[in-house]
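I opened the notebook to look up pockets and aromatic rings. The entries follow in the order in which I checked them.

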Amino acid sequence: MGESMPPRRISVHQALGGGHVADVLLWKKWSGGVLLLSSTTASWLLFERAGYNLLSFVANVLLLLVVILFLWAKSASLLNRPLPPLPDMEISEANVVKAADALHAGINRGLFIARDIAIGRNWKLFLQVAFCLWLASYIGSFFNFRTLVYIGVLLSLSVPLLYDKYQDPIDDKLHVANRVIQAQYRKIDDSILKKIPLQSNKEKKLQ
């Protein structure tokens, strides 16, 4: 028999959905990546460093935009010029349904995880969720929300690109780290978690 073929790895582009978002995050469309990076950097500097208020800034920008469009339309009607080239501002029903389905799936998954922790006595899932919440709280003590969003954008524009370029060595390191974590969890499971008494189904029905 011949040698078995190694499992085919899915590309990072496919893992990110393979659409416009994947092209931007992997810098296949430089204009989108530059626009996202420059806009988020400008917003962070404007609100975090310069101290502008978000509500006042948005209101002033919208006010300026409305005034410009109104004067443009009035002058165009007086001078027989074309009106401002505005697209049809309408959200299609298909996009609304797609967004609602995605939100519905996310909420249901969150409720399922909460139920599995509270009722199912899934210690592994409980430890994972507790660690993630503690890590988020710890990181949040050093940065405010705007800075965290800005850091998230920077990571989303750099980590997928680096992983796509160095996927094989990164996967090897992640496999080693995963084996170490699994070994440590088995030690905790054998020494602590399995010694915690759990209610049987019969005891739950009697209560």
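Entry 1, second largest pocket. I looked up which helix gives the largest share of the lining of the second largest pocket, and found α7, with 5 residues. I took helices as DSSP runs of H or I of at least four residues, numbered from the N terminus. This is a predicted model, in which local features need pLDDT of at least 70 and side-chain atom pairs count only at pLDDT 80 or more, while totals for chains, interfaces and linings use all residues. Residues are numbered from 1 along each chain as its sequence is written, and side-chain values use heavy atoms, with hydrogens and water left out.

I noted a volume of about 190 Å³ for the second largest pocket. A pocket here is an open set of points on a 1 Å grid over the protein atoms alone, where a 1.4 Å probe fits, with protein on both sides within 12 Å along at least five of seven lines; lining residues have an atom within 4 Å of a point. The volume is the space filled by probe spheres set on the points, which are joined across faces, edges and corners.

I listed the lining as T40, S43, W44, F47, L54, F145, R146, V149, Y150 and V153. Both α3 and α7 (145-165) supply at least two residues of this lining. I sorted the lining of the second largest pocket into 7 nonpolar, 2 polar and 1 charged. Ala, Val, Leu, Ile, Met, Phe, Trp, Tyr, Cys and Pro count as nonpolar, Asp, Glu, Lys and Arg as charged, and the others, Gly among them, as polar. Domain 1 (13-49) and domain 3 (144-196) each give at least three residues to the lining; the bounds come from an automatic or database domain assignment.

I placed T40 in helix α3 (residues 30-49). Is T40 buried or exposed? T40 counts as buried because its relative accessibility is 17%, where buried means under 20% relative accessible area, exposed over 50% and partly exposed in between, with a 1.4 Å probe and protein chains only. Beyond its neighbours within four places in sequence, T40 is in contact (heavy atoms within 4.5 Å) with Y150 and V153.

I found 6 aromatic pairs in the structure. Rings of Phe, Tyr and Trp (its six-membered ring) pair if their centres lie within 6.5 Å; planes under 30 degrees apart count as stacked, over 60 as edge-to-face and the rest as tilted. The pair of W44 and Y150 is stacked, because the ring centres are 5.1 Å apart and the planes stand at 10°. W44 lies in helix α3 and Y150 in helix α7, so this pair ties together parts 106 residues apart in sequence. I read W44 as buried at 18% relative accessible area, and Y150 as buried at 15%.

I also noted W134 and Y138 as a stacked pair, 5.4 Å centre to centre with 15° between the planes. Both lie in helix α6, 4 residues apart, about one turn of the helix. Y138 is partly exposed, at 45% relative accessibility. F131, W134, Y138 and F142 form one aromatic cluster.

I noted a volume of about 300 Å³ for the largest pocket. Its lining includes F131, C132 and Y185. α8 gives the most to this lining, with 6 residues.
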